[in-house]
Amino acid sequence: MKSQVFDVHVRTLECSRCGAPIATGERGGEVTCAYCGVVNTVASRRAASGAGAKPSMAQEIARLSRLKAQLQHPVSGHAYDLARPPAGFSLELLRTPKGLEKAVQDLRGARSEAASPTSASAEQQRGLCWLALAVAGAYQAQSKPLEARAVLETALETLADEGHRHLVRCRLAIAAVHEGDLASAEGWLDECDPAPEVLELDSAYRDARARLASQRDDGAGILAAVGAQAGDIPFAKGTEAHATLLRIHGLELCGRAQEAYAALEDVGLLFAPQGAVVELQRGGLAPETTKRFVRHKAERELEQLGDSRAGLVRGPFQALVPALAALPLMAAVLMVPITVSRCTLDADPLLGVYGYALCPKVCEGCEGRARTVTVWHQTGPGEYSSDGAEYFCASDKNGVAEMTDEQLEEMSGRLSGASLNFVAVAGASYLLLMGLLFPLVPIRAGLRWWQDRAKLQWLDAEVQEAAQALGVAPPEPPLGTHKALGATLLFVLGAAGAAATLVGIGMAIG
Ligand SMILES: [Zn+2]
């Protein structure tokens with residue numbers, strides 16, 4: 001869709017009386033308004049003073065460095081900062097018919113004031129420029145490019161400052177790109193100073209250049225305007241995001257697919273990566289990079305879904321694996337409070353039950369529970385030490401059964417015949433704990449299976465859907481329940497065997 005509305009070789013302004021668009025040749029002249037009949041005298045358009053001048057490489061490097069300094073030390077609220085609307089206006093307001101009408105009235109009022117440039121303040125000039133660009137934007141949004149053109153070129157006529165005119169020219173170039181009139185866009189840019197000294201002006205020029213190059217599928221041209229790497233070229237606040245999108249497009253056009261992909265991954269704080277993808281797709285930019293990015297993301301998501309699914313149990317049998325595996329660990333953890341209780345309170349949470357198994361092998365006639373006592377020796381004022389808990393078989397023969405804790409403590413040195421080895425006691429206690437905890441295994445397995453069922457159903461559906469969207473076969477759920485169960489059983493038996501070995505060693509060394 002190519003239109004001549006932004007043709008650089010004609011002059012299109014607003015009629016000085018009624019505001020309707022009037023057109024004449026590049027050189028200007030007298031033109032009668034078709035609406036109100038007033039004769040307007042139009043001068044010929046002049047390019048910027050720096051237009052066409054090509055700075056040397058050294059000058060260009062020095063200029064870039066100066067622009068970077070402006071990014072690091074911004075001057076707030078200066079004449080070219082158009083992020084801030086003039087008092088009483090906002091971009092939202094211009095989207096309403098009433099707001100647009102008010103803006104158009106104000107724009108015409110401001111023009112007559114600015115006609116005497118010496119009396120117009122910098123802020124008035126800035127306001128006029130903001131209004132002209134905003135009103136033109138509103139007209140473009142309403143598909144009224146001719147009105148937009150007339151507003152912009154009239155502003156070019158009225159704005160006293162070369163910098164403001166530069167911003168309007170860049171906008172005219174972008175509008176021409178938008179209308180598909182690339183030669184005119186080039187023409188508008190040719191009338192600009194290609195090496196402005198203010199960051200906002202430079203960014204506006206680069207933005208227009210890059211958009212033009214993008215329409216021409218000229219990757220090198222885009223990269224020349226916005227830089228091949230983020231940070232190569234400073235961009236004024238608010239212009240960096242679009243420059244980044246164009247850079248990704250430029251890199252793709254130049255066949256630098258890896259760099260384009262990395263740049264998309266690295267959009268950082270400008271957008272969330274997803275936001276950049278949406279913007280690129282909306283602008284028809286970097287289609288290959290975007291496609292790859294979206295696909296990689298979907299693949300990662302599928303992988304993550306598969307991983308979460310692998311952590312769920314698929315049946316009561318499989319649920320036994322984690323429940324069984326926890327058994328030796330739970331027993332080991334419980335050994336801690338039991339040992340502490342024996343050492344500090346002379347109390348045995350296991351009630352000496354292991355004595356039924358160990359005592360008959362230690363002393364004759366001893367059968368039944370063992371007793372535990374910990375002897376503490378005072379080693380200094382307020383300091384005590386102990387060799388740990390001691391265990392004794394209780395029978396009527398050695399009298400241990402009838403002793404109080406104090407008596408047992410006193411007698412402990414003379415009861416070696418009834419003493420149980422602490423290593424054997426530890427092993428036996430551990431085995432006892434495993435036995436006590438074993439009934440929990442089926443209960444825990446059942447609970448786990450119950451909990452995982454709904455989640456598994458949902459994840460299976462998600463995996464299926466994600467795989468279908470990618471056009472790949474859904475990953476198989478991990479099998480090998482028998483193998484896992486076998487390994488877990490071996491682990492449990494190993495722990496029990498180790499404990500039994502401790503009992504054996506303990507008994508052997510007495
Ligand atoms: Zn008129």
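**Close-up views of a predicted model**

**View 1. The surroundings of A51.** Beyond its neighbours within four places in sequence, A51 is in contact with D190, E191, C192, D193 and P194; contact stands for heavy atoms within 4.5 Å. The model is predicted, with local features needing pLDDT of at least 70 and side-chain atom pairs counting only at pLDDT 80 or more, while totals for chains, interfaces and linings use all residues. Residues are numbered from 1 along each chain as its sequence is written, and side-chain values use heavy atoms, with hydrogens and water left out. A51 sits in the loop between strand 4 and helix 1 (57-72). Helices (H or I, at least four residues) and strands (E, at least two) are DSSP runs, numbered from the N terminus. A51 is partly exposed because its relative accessibility is 23%; buried means under 20% relative accessible area, exposed over 50% and partly exposed in between, with a 1.4 Å probe and protein chains only.

View 2. The SG atoms of C15, C18, C33 and C36 are the protein donors of the zinc ion, lying 2.3 Å from it. Donors are N, O and S atoms within 2.8 Å of the metal (3.2 Å for Na, K and Ca); water is not among the atoms, so sites may look incomplete. Along the chain, the donors are spaced as C-x2-C-x14-C-x2-C. C15, in the loop between strand 1 (10-14) and strand 2 (21-25), and C36, in the loop between strand 3 (29-32) and strand 4 (39-42), form a pair that links distant parts of the chain, 21 residues apart. The site is tetrahedral, with angles of 104 to 116° among its 4 donor atoms. Four donors count as tetrahedral if all angles lie between 85 and 135 degrees; four count as square planar and six as octahedral if opposite donors are over 155 degrees apart and all others between 65 and 115; anything else is irregular. C15 is buried because its relative accessible area is 3%, whereas C36, at 25%, is partly exposed.

**View 3. S143, a residue with positive phi.** Although S143 is not a glycine, its phi is positive, at about 55°. Most residues other than glycine have a negative phi. The loop between helix 3 (122-141) and helix 4 (145-158) holds S143. S143 counts as exposed because its relative accessible area is 61%.

**View 4. A286, a residue with positive phi.** A286 is not a glycine, yet it has a positive phi of about 45°. A286 is placed in the loop between helix 11 (273-283) and helix 12 (287-310). With a relative accessibility of 0%, A286 is buried.

**View 5. Where domain 1 and domain 2 meet.** The chain is assigned domain 1 (217-310) and domain 2 (316-510), with bounds from an automatic or database domain assignment. In contact across the two are 9 residues of domain 1 and 13 residues of domain 2. The centres of domain 1 and domain 2, taken over C-alpha atoms, are 57 Å apart.

**Setting of the views.** The chain contains 18 helices and 7 strands. Its C-alpha atoms fill a box of roughly 135 × 65 × 50 Å along the principal axes. Of its 510 residues, 43% count as buried.
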